[in-house]
Amino acid sequence: PDMAALTQSGSVVLYLTDGVSLLDRSRKGLPERLAFELPDGTTGANQIWLGQLDDTNQAPDVLAATDSGIFMLRDFNPETREFAASATKVVDIGGDPISSLVVTDLDGRGSKEIVIGCDVQACIIILALNEAGVFQRELTLDVPSASLLRAHDLDGDDFPDLIGGGANAFW
């Protein structure tokens, strides 16, 4: 997939360009659109992430942050135009809307952690893979604001640093 979107009705939408850039003026028509439903009762479209959660294969994964929690679609197969399995809930954070989402390898061990910003509770939650391959809460930190989160190596130590902020704070 080349682009992903999350709808208010609880669908993940992928757009496949099939080798022709969206910005290429010679493109004829819109890219192929594929929709994948999240479980019934899923509401809110807060954040979406498209990338690889691990190095087990080259297939992209999607994380969709909704008011109902974070859902994961794993291992997209471009031949069949399907994911390996239907959407599964990664975590339920108790109804607090997820305001921001970052996926990065915080500790340098090769697997990625999911960092969730919850602006209402003014905290970030870090989820890490356990030995069973399931994401679990590793750490919860109170922060001044969690509307926006980004990860970047600011100090040159080869580990991503978290940058956060919102209307009234930057940290």
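Is arginine 109 buried or exposed?

Hi everyone. What we have here is a predicted model, where local features need pLDDT of at least 70 and side-chain atom pairs count only at pLDDT 80 or more, while totals for chains, interfaces and linings use all residues. Residues are numbered from 1 along each chain as its sequence is written, and side-chain values use heavy atoms, leaving out hydrogens and water.

Let's start with the fold. The protein chain has 15 strands and zero helices; these are DSSP runs numbered from the N terminus, with at least two residues (E) for a strand and at least four (H or I) for a helix. Its radius of gyration is 17 Å, close to the 16 Å from the globule rule for 171 residues, so the chain is as compact as a globular protein of that length. That radius is taken over C-alpha atoms, and the rule is 2.2 Å times the number of residues to the power 0.38. Along the principal axes, the C-alpha trace spans about 45 × 40 × 35 Å.

How much is tucked away? Of the 171 residues, 40% count as buried. Buried means under 20% relative accessible area, exposed means over 50%, and partly exposed is in between, using a 1.4 Å probe and protein chains only.

Now, charges. The chain carries 11 positive and 27 negative side chains, counting Lys and Arg as positive and Asp and Glu as negative, without His or the chain ends. Side chains of opposite charge can pair when their charged atoms come close. How many salt bridges does a search of the whole structure find? It finds three, a salt bridge being a side-chain nitrogen of Lys or Arg within 4 Å of a carboxyl oxygen of Asp or Glu.

One joins arginine 81 and glutamate 32, with the closest N and O atoms 2.8 Å apart. This pair links distant parts of the chain, 49 residues apart: arginine 81 is in the loop between strand 7 (76-77) and strand 8 (82-83), and glutamate 32 is in strand 3 (residues 32-37).

Another pairs arginine 74 with aspartate 61 at 3.1 Å, N to O. Here arginine 74 is partly exposed at 22% relative accessibility, whereas aspartate 61 is buried at 1%.

Aspartate 107 is partly exposed at 28%, and arginine 109, at 68% relative accessibility, counts as exposed.

Technical notes
The place of a charge is taken as NZ of Lys, CZ of Arg, CG of Asp or CD of Glu.
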